[in-house]
Amino acid sequence: MEALLPSSSSFPKRPCSGDILPVGDTSVLPNPDTIDASLVSLLALRDPSVSIDLSIQRILDFTAPELEKEKLIENAMRVASAVHEAAMRSARRRASIHNAASWPLPSDLTVKVFSILDTRSLCYAAAACSMFSKCAGDPLCYCNIDLTAKDPKINNTVVSTMIQRAGKNLQSLKLGIWPNTATNEDVIRCTSYSSRNSMELLGLSWTERRPRQGKEPCILTRSCLLALGADGAAAGALLRSLHLYNIDKMDGPGFSIALSACPSLLDLEVVGLRIELRQILDSVSTNCHSIERLFVESSETGSDDSLKSPTCVDLVNGCPHIMSLTLRGFKLNDHKVRILIKGLVNLKSVDFSTSYSIAGLFLRNLGNGSNGHLLEVLILRDCLHLKEVEIARFLSALISGDCKLLRYLDISNKDGLSAEDDWNVRRYSPSIPLSRILEERPDLCLLANFPPDECCMDIEQTSDREAGSDSSLQIENNQLLSTDYLDSSDSSYGSILASGSEDAFDSNYALYDGDSLDELEFS
């Protein structure tokens, strides 16, 4: 190592704060032998505090000018600080050597272990010692970056640094303020008899299951993902998974630029971004042709009606490999849903929860003449316009043998199902063949949670009722359970239902017949 460094005579060093220089002369470097001899003498003292104190006092007594005395005291303090810092550095070096000698794993295996850690734990490990810091700096440790948090503390600089460390090894990236949403699997595993209690068992309130609204904004900006496109998009080229949560300042152009650097993306999850669904799907269909899982949840349920049929067709043509599709909280009518289900030939799981305009017409002949027969998961929870008659017809089709691969169906609705002629008339005890489903489809997990009839009189009273209402149903693992109803105080549909607004339907919806879509063509 010394042979690779230039000699001090060719490149003189800049004096450091710990260097001992003659008073008034900073151009002359001290003789190393003199320094070594002085330090050996000092370190050999049995009681250095007393000896040095007396020595400094004698030197000051023999120094006449007051200015010189002040300089001597400053130099003494500077030397003491330099000695202390040098001793600390030497201690850390020795500790690092000891750690390296005592650590049972070689560096390559240490890097492998660190690559399994989450991002926060990796940072903690890097701060432990210099050996761990060196191993934690390996690009392989940053293959899966998770910078999500409950509070907005991560800024663009941190994101850019992490992405640059990963380089071409980056495989997954999660950013933003974690929405604390309960997954469907978590809800299924709960043994509680009500949706409300299920959320409580998971430690989540109903408001926490929704995108953050009216809370402290995320400090990430629209340019937080620019590092994915740096150096010829080295970091984004092999990125497989991208999850973005509640990044308020992210806009359509910034989102599109980020996706353009990720041509190999397979999994995209977007929650609470203030970007129209049409823009999101356009960017996906243009840049992510290999995507297999697409999850988009609106920041404001029921307010985004930007999606048009041509955008659905473009998504079908541009992303034919989609197997799992989730569009929550958007204004989607049956025509657009039918385009997506029929066109995406590999689709196995769909979730249109809290979609405002779905009436259920797309369920007609779902298992015949389309790709619906391949579905394994269908979630239509809290779709305000979902009609009782369409659900009854679909369940009868399931009993007859349609959609044989379907294993999970959720038709729960905190506002009840809609009547056939007027969606303002709610069915809290719908006439649907639940008992026959138990007998004919024992492999199907069906969730059908509805509020008691009295909830339409006073919604606030239902949040305090005990479990055991006879009109609330949950069929899970082929057991008919009595349930009470979840607290709907945060429901964004309550005001819509009371207003009787019909703006959820586009101009073509009134003329649409669910059986007329079999001849849809995709270029």
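Let's start in a loop. T354 is found in the loop between β7, residues 349-351, and β8, residues 377-379. T354 has a positive phi, about 55°, although it is not a glycine. Is T354 buried or exposed? T354 is buried, because its relative accessible area is 18% and the cut-off for buried is under 20%.

Before going on, a caution. This is a predicted model. Please keep that in mind throughout.

Now the chain as a whole. There are 523 residues, and buried residues make up 44% of them. The secondary structure comes to 18 helices and 14 strands. Next, contacts. Take those in the chain with a separation of 6 or more: 78% of them are between residues 24 or more positions apart. As for surface, the chain exposes about 26,700 Å². Carbon and sulfur atoms supply 54% of that area.

Back to loops. Where is N246? Look in the loop between β3, residues 241-245, and α11, residues 252-260. N246 counts as buried, because its relative accessibility is 2%.

One more loop asparagine. N333 is found between β6, residues 324-328, and α14, residues 334-343. N333 counts as buried too, at 3% relative accessibility. What does the side chain of N333 reach? The backbone nitrogen of H335, at 3.1 Å.

Next, helix α7. This one spans residues 156-166. Which of its residues are buried? They are N156, V159, M162, I163 and A166. Look down the helix axis. The buried residues of α7 fall within an arc of 135°, so they line one face of the helix. Now turn to the face away from that buried side. There you find the exposed residues T157 and Q164.

What covers the buried residues of α7? The cover includes a helix, α5, residues 119-126. The cover also includes two strands, β1 at 144-149 and β2 at 172-177.

Check both ends of α7. At the start, a side-chain oxygen of N155 reaches to within 3.2 Å of the backbone nitrogen of T157. After the helix comes G167. The phi of G167 is positive, near 60°.

Last stop, the surface. The largest share comes from α1, with 3 residues.

L43 sits in helix α1. Is L43 buried or exposed? L43 is exposed, because its relative accessible area is 70%, and exposed means over 50%.

Definitions and conventions
Residues numbered from 1 in each chain as written. Predicted model: local features only at pLDDT ≥ 70, side-chain atom pairs only at ≥ 80, totals over all residues. Heavy atoms only, no water. Helix = DSSP H or I, 4+ residues; strand = E, 2+ residues; numbered from the N terminus. Buried < 20%, exposed > 50% of the residue type's maximum accessible area, 1.4 Å probe, protein only. Arc of directions from axis to C-beta. Contact = heavy atoms within 4.5 Å. Polar contact = N/O pair within 3.5 Å; in protein donor to acceptor, adjacent residues only side chain to side chain. Areas by Shrake-Rupley, 256 points an atom, 1.4 Å probe, with all protein chains shown as cover.
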